[in-house]
Amino acid sequence: MTVIDEPLEFVPLKGLRFDNRFSSQLQADPVAENRIRQVHGSFFSRVQPTRTANPQLLAVSNEVMDMVGIERSEVSSKNFARVFSGNALHTDMDPHASCYGGHQFGNWAGQLGDGRAINLGEVIGDEDTHFMLQLKGAGRTPYSRSGDGRAVLRSSIREFLCSEAMFHLGVPTTRALSLCTTGDQVMRDMFYDGNPAYEPGAVVCRVAPSFIRFGNFEIFTSRGEITELEALLEFVIGNHFPHLGKPTAKTYVAFFREVVDSTAEMIAHWQRVGYVHGVMNTDNMSIHGLTIDYGPYGWIDNFDVDWTPNTTDRAHKRYRFGNQPAVAHWNLAQLANALVPAVGEVDPLQSALDDFIPIFNSYWAEMMASKLGLPSLETDLSRDVADGLFDLLGAAETDMTIFFRRLMEIETSTELENVDSHTVVPLIDAYYSEADFHESVNGRLVDWVRLYLQEVKQLGIHDEERTAIMKTANPKFVLRNYLAQLAIDAAESGDITMTHQLLDVLRNPYDEQPDHAEWAAKRPDWARHRPGCSMLSCSS
Ligand code: AMP
Ligand code: MG
């Protein structure tokens, strides 16, 4: 036996209390060997993380430390970096990889599973909530297929920063506890163009109530493993949706209704902040309505409903910004199909699925109203204002984040007949080309602002009230693609400071933070076509 195969050492970490429900209540894969295979009739396979050459801790999220209960002083202990890079285990951890399937780009892909993610165990965190700790990039599992089980530094920084940024924006998401480098080099062909290169390896520890995906249900139904499907439903309802009561066909539908609702709300938030997931396969959809699996995601700089950051999706743009609500609906239909054998009939699931559109529209209208500083989109004029804005934002390259933020600065006391080019000056900064602005937008923008002010006046909205609402819905700081790339460039050359600074600024995305104004600026020209800034692949 080689040194690598020896079990990992157990070490203490102060503050963690484990209660491993998933791996103690559900059937484990009886095969102990860590080799790639199809795993039938089981929910997970026990597997140890693979040791790495030189684990180093690069960053932690203090809020997540508190949330899972680890004492903050542990960060400086050697054990922390060892455990959260997969080189040692806490005594009460029960590491395992879960089995799931999924629809990828619209097609059933069969068994996928945690190919490079390893659940360490569930901790009891603040307010007695359970959280699963999961390492991403900690080595091969039975589900690794042709992959190496590893993750590279660039994609790990992107996941670490973005999950925390999303949380502080108020978008439901998995969290990130820590980011470690492994000291190993990982080979990646970043653009699948025959130019593989070595990159530094890294591991992120992610945290969520569970990492159960739509695909965890789909795999059982696809194989006719209905007993396992029902056992998973019982587990999920008993542990994560206990308020639904005793698991029965009725509660299965109620569970599905909750997934429809939380997914609709999550997607409305994505559209609100300009986040494009990039790979909305059903194996990347959380049953908790959390944003999960940060891969080739991107942020809308100029408002463009057809934009996708994912080069793998360039031909069909299935996962483009404007298509996210429709894809979520389609994904929910796959989950509904998977639940049919347990529910025993189609109609109640179909009816819950049909509610997705009105539920999404209602969340979206509420968020859009807040973005505009209006109480709702219930009046005809409010709706016209919102609809008119979408046409306008597409008329010339307009930075979405800056536009909404600057809209707060419009002088609403201006009489409607006096609304003119001067009134819209605060908004000019949102346009990528001033020439384009003057040529194709200026007049339309003046007309739109007049309409907007007409509604603001008609509803008697005071400016303080308007800007207070807008400030909760329109961030000043988002993790612009080029900012993440700058942090990655620096980290790859050994300087992690920008990652720390971004994490800090993105903690308060709605605050002015004038000292960091440069990070609220439009995407610079150099980033327009630079890989990593405007285009990403699934290679991570
Ligand atoms: P994704 O599209 O990144 O969510 O991944 C789809 C599937 O591929 C999941 O089952 C992942 O666990 C697996 N996967 C992705 N990258 C790797 C890798 N480097 N090694 C092993 N499995 C991987
Ligand atoms: Mg995934």
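Trainee: Is Asn-284 buried or exposed?
Mentor: Asn-284 is buried, because its relative accessibility is 9% and buried means under 20% relative accessible area, exposed over 50% and partly exposed in between, with a 1.4 Å probe and protein chains only. Keep in mind that this is a predicted model, where local features need pLDDT of at least 70, side-chain atom pairs count only at pLDDT 80 or more, and totals for chains, interfaces and linings use all residues. Residues are numbered from 1 along each chain as its sequence is written, chains are lettered from A and ligands numbered from 1 in the order written, and side-chain values use heavy atoms, leaving out hydrogens and water.

Trainee: Thanks! Which protein donors does the magnesium ion have?
Mentor: For the magnesium ion (ligand 2), they are Asn-284 through OD1 and Asp-293 through OD, lying 1.9 to 2.1 Å from it. Donors here are N, O and S atoms within 2.8 Å of the metal (3.2 Å for Na, K and Ca), and water is not among the atoms, so sites may look incomplete.

Trainee: And Asp-293, buried or exposed?
Mentor: Asp-293 is buried, with a relative accessible area of 13%.

Trainee: Switching topic: how do helix 6 and helix 8 pack?
Mentor: Helix 6 (residues 226-240) and helix 8 (residues 324-343) meet at an angle of about 100 degrees, their axes 9 Å apart. That makes the two helices roughly perpendicular, a label for 65 to 115 degrees; under 35 is roughly parallel, over 145 roughly antiparallel and the rest oblique. Axes are lines fitted to C-alpha atoms over the stretch in contact, with angles from 0 to 180 degrees between N-to-C directions. Helices are DSSP runs (H or I, at least four residues), numbered from the N terminus.

Trainee: Which residues make the contact?
Mentor: Ile-226, Leu-229, Glu-230 and Leu-233 of helix 6, with Ala-338, Leu-339, Pro-341 and Ala-342 of helix 8. Contact means heavy atoms within 4.5 Å.

Trainee: What about helix 10 and helix 11, at what angle do they cross?
Mentor: The axes of helix 10 (residues 356-372) and helix 11 (residues 380-393) cross at roughly 80 degrees and come within 11 Å. Trp-364, Met-368 and Leu-372 in helix 10 meet Val-385, Ala-386, Leu-389 and Phe-390 in helix 11.

Trainee: Last one: what does Trp-448 touch?
Mentor: Leaving aside residues up to four places away in sequence, Trp-448 touches Leu-372, Val-385, Gly-388, Leu-389, Leu-392, Phe-403 and Leu-407.
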